[in-house]
Amino acid sequence: LFRSVLLAGFGIAVASWAFGWFDNGRRPADVLPAQVSAYLELDLAPAPWQQLQAWSFLHDVPEVRAAGGRPEPKLLLWQLIGSRLGYADDVDFAVDVQPWLGDRAGFAIMAAPDEPTWMTAIELTDTDLGVATLKRWIGTRDQDYDVTAVDGYALITRGRHTDLVLAALEKGRLAREAAFSDELAAAGTPGFAALWADLGRLREPDPGNESLRGRVAATLTFSGDAATWNGHASGLVLPTIEAPGRLGELPASILAGFSVSGGAKAMPALWPSLDSFARAWPRWTQVTEGDVAMLLGSSFSVAVPKGGDLFDRDYDLRVTTEDPGRAEAALATIIADTEYRSLKHQVKGDVLVASRDAAALNELAGTGPRLADLPEFKRAVPDHTRAIASAYVDLRAAGWPSVEPDSAYAPFSDSIRALGGQYLPTGEGTGNWSIRLTSD
């Protein structure tokens, strides 16, 4: 029995080390006000298995290679951003930073009477030294910021808003809010970063407009060939939608694509904000809510052809709908007298397609090679058949990220393959989402 207990205890200890269980350390959210609208956290000492995965993904970054593939995270971050902060030339990291800098930092925004105010919480291993150093740096640049020591952190605030922030902190702390902690827990495994936002607090006050509300949270994790934000959302203005995702039905030859499913079913909830947004279109008032519902159909997909640019507004369209004739008429009305009036469109079965290039219509509606056939697409958008909203960009074809061929960062840039995003509903106004950057 003793041997079994000993082995079990050893297994739990190893697991807690590898996966970061039982981490009860104070986090930045513990020293930030409960009233904040949005929050971003960096954790440079996540679970060891996450660090191993991150260095595998970033192995072509020169600073990672120089450290033998296992860099010290805080030093790596300083090497990457120190010069951009203006400190790299006159600050020695080992002497001036490492003795007081902890592993975590948080950034938040909160409403204030004049304008939204930003604040930063930096974990300190030596409170007095850290606060003194930060005050000295701020003072040499004549910046209007205050530094306040709060429970092992340096809380940096705008000078004119310091009293407001500290008063809000007395009323409650973000980490103790169930809406915050529950949302982050639903987002999944903690990693190098986490974010949380209350969309209703972020928007400008408008009692008559409830179209933007709800909360989102996400955590950043790595695998050997991907960096992924895994997120959760709740309280959104979305009805329960059950519809297959059809992004994968776009041609395999495209540069990028975006697709939403169930738009027709969601129209009653979407129409007020959509109608308000689209009234700038010359002939929008000539279509009805029912017309637009048929145009959105069971799936509405937009594609950027290869050879084009993501932002040059040269888009193709593929709609699956129960009334494609009505959808085509609505499209023709909406694009008349706009820059899209030259779009050619046709109906094939229950599919409406549109493009400036008549030769592309058959490919859009046909059964040739599809995105769903591409391994890189399936890695970037793994649940595309179940997602009611999804997007994909072939970053290599788009030339992103772009660096000079002789740059030390060229090998890492060349390894980047694609970017994908997806949203999977789990109920009315709730769902899980992800954004994934893949590499070779």
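Which side chain does a polar contact of 2.8 Å join to that of His 161? The partner is Thr 117. This is a predicted model. Its mean pLDDT over the protein chain is 89, and 91% of the residues reach 70 or more. A search of the whole structure finds 22 salt bridges.

**Confidence**
- Mean confidence is lowest in helix 1 (residues 2-19), at 36.
- Strand 14 (residues 389-393) has the highest mean, at 98.
- Over residues 1-24, pLDDT stays under 50. For this stretch the model has 13 contacts beyond four places in sequence.

**His 161**
- His 161 sits in the loop between strand 5 (153-158) and helix 7 (162-171).
- His 161 counts as buried because its relative accessibility is 3%, under the 20% limit.
- Leaving out residues up to four places away in sequence, His 161 touches Ala 112, Asp 114, Glu 115 and Thr 117.

**Arg 417**
- Arg 417 belongs to strand 15 (residues 416-427).
- At 14% relative accessibility, Arg 417 is buried.

**Salt bridges**
- Arg 104 pairs with Asp 43, with the closest N and O atoms 3.5 Å apart. Arg 104 is in strand 2 (residues 101-110) and Asp 43 in strand 1 (residues 38-43), so the bridge ties together parts 61 residues apart in sequence.
- Both ends are buried: Arg 104 at 9% relative accessibility, Asp 43 at 6%.
- Arg 104 and Asp 43 also belong to a salt-bridge network with Arg 27 and Glu 41.
- Asp 103 bridges to Lys 74, again with a closest N and O separation of 3.5 Å. Asp 103 lies in strand 2 and Lys 74 in helix 4, so parts 29 residues apart in sequence are tied together.
- Asp 103 is partly exposed, at 29%, whereas Lys 74 is buried, at 12%.
- Arg 326 bridges to Asp 291, and their closest N and O atoms are 2.7 Å apart. This pair links helix 12 (residues 324-335) to helix 11 (residues 289-296), across 35 residues.
- Arg 326 is partly exposed, at 35%, while Asp 291 is buried, at 15%.

**Surface patch**
- Leu 80, Ile 81, Val 403 and Tyr 409 make up a nonpolar surface patch. Together they have about 270 Å² of accessible area.
- Ile 81 is in helix 4 (residues 73-85). Ile 81 is partly exposed, with a relative accessible area of 33%.

Definitions and conventions:
Residues numbered from 1 in each chain as written. Predicted model: local features only at pLDDT ≥ 70, side-chain atom pairs only at ≥ 80, totals over all residues. Heavy atoms only, no water. Patch = residues over 30% accessible without salt bridge, like charges linked within 9 Å, V, L, I, M, F, W, Y side chains within 5 Å. Areas by Shrake-Rupley, 256 points an atom, 1.4 Å probe, with all protein chains shown as cover. Salt bridge = Lys/Arg side-chain N within 4 Å of Asp/Glu carboxyl O. Helix = DSSP H or I, 4+ residues; strand = E, 2+ residues; numbered from the N terminus. Buried < 20%, exposed > 50% of the residue type's maximum accessible area, 1.4 Å probe, protein only. pLDDT = per-residue confidence, 0-100. Contact = heavy atoms within 4.5 Å. Polar contact = N/O pair within 3.5 Å; in protein donor to acceptor, adjacent residues only side chain to side chain.
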